[in-house]
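I opened this model to look up a few local features. My entries follow the structure.

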Amino acid sequence: MNVFILKSIRSKFLLVSLLIEVTMLALLVGNSVRLIREHLENQVHERIAAVEQAYNSVLILPLASHDYATLRDLLDSLRSTPDIVYLAVSSNDGRLLASTGRDASRPLPAPGKEGNLLHVAFPITSFGQTYGQMHYGLSTDRIDSATNTLFSQSLIIAVTEIILSLVLLSITAHLLTRNLRKLATASVQVADGDYDVTIPVQGHDEVAVLSANFNRMITAVRARNEQVLFYQEQLERANRQLETTMQTARELARQ
């Protein structure tokens, strides 16, 4: 029973240590991925602000002059910008004036995130006057790919670290409990009446001190047991002598 208890102690030590390691790694990986994604999203918002300023200056002239053919040509050329999925320009009353990259019969989506597409809309203005709305879709594939790659790499590193930690913790647990296992086995032998037990002491920790004290205790118990056996033999010899004397006395009494 004691041996199983010691194994349970070792298992609990490994389990608690592993849980702490997994928890810390999960927090570290999660926080790293969150910070990287926030950084990438901030870059996207900075790019959106730059795009709005650039597109506004390019599109204001054909939009103000109602030159929708030139407006469509400009949208086609602007769509070559990386990550831009579609471009569209609408009037102030919501009427679609020109578009590229999406079905003109479909209504323009509201600004916001939809899957891997970020819908953006901003007014096209000049000297305080609004001439229409610019709509475009920005792909978040690169952000999602970078986040997934970071998560995958972090997960591989975390799993590797957990495996290494498990090996090191197993070695540590073995070193910490080796004397306890020997002490448990020796105590079972003593309980069964075997006093010829000596535990090899390894190290200088508390368990080693306990093992050394156990050896001294067993030595004392063995000495007392030998003394008891000696007295028992002396008593048995005296009893035999007494029986012999009494038998001789009885024989003399009959004569």
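The entries below cover a strand and its partners, a helix, and a pocket.

I worked from a predicted model, in which local features need pLDDT of at least 70, side-chain atom pairs count only at pLDDT 80 or more, and totals for chains, interfaces and linings use all residues. Residues are numbered from 1 along each chain as its sequence is written, and side-chain values use heavy atoms, with hydrogens and water left out.

Strand S1. Six of the seven residues are buried, so S1 is largely enclosed by the rest of the structure; buried means under 20% relative accessible area with a 1.4 Å probe, protein chains only. S1 pairs with S5 in the antiparallel sense over six bridges (pairing needs at least two DSSP bridges). Ala 88 has His 135 of S5 as its bridge partner. Five residues separate S1 and S2 in their hairpin, and Gly 94 in the turn has a positive phi of about 90 degrees.

Helix H4. I checked the length of residues 206-254: at 1.5 Å a residue the 49 residues should span 72 Å, and the end C-alpha atoms are 71 Å apart, which agrees. The expected span is 1.5 Å times one less than the number of residues. I found Asp 83 among the residues lining the largest pocket (an open set of 1 Å grid points over the protein atoms alone where a 1.4 Å probe fits, with protein on both sides within 12 Å along at least five of seven lines; lining residues have an atom within 4 Å of a point).

How values were computed. Helix = DSSP H or I, 4+ residues; strand = E, 2+ residues; numbered from the N terminus. Buried < 20%, exposed > 50% of the residue type's maximum accessible area, 1.4 Å probe, protein only.
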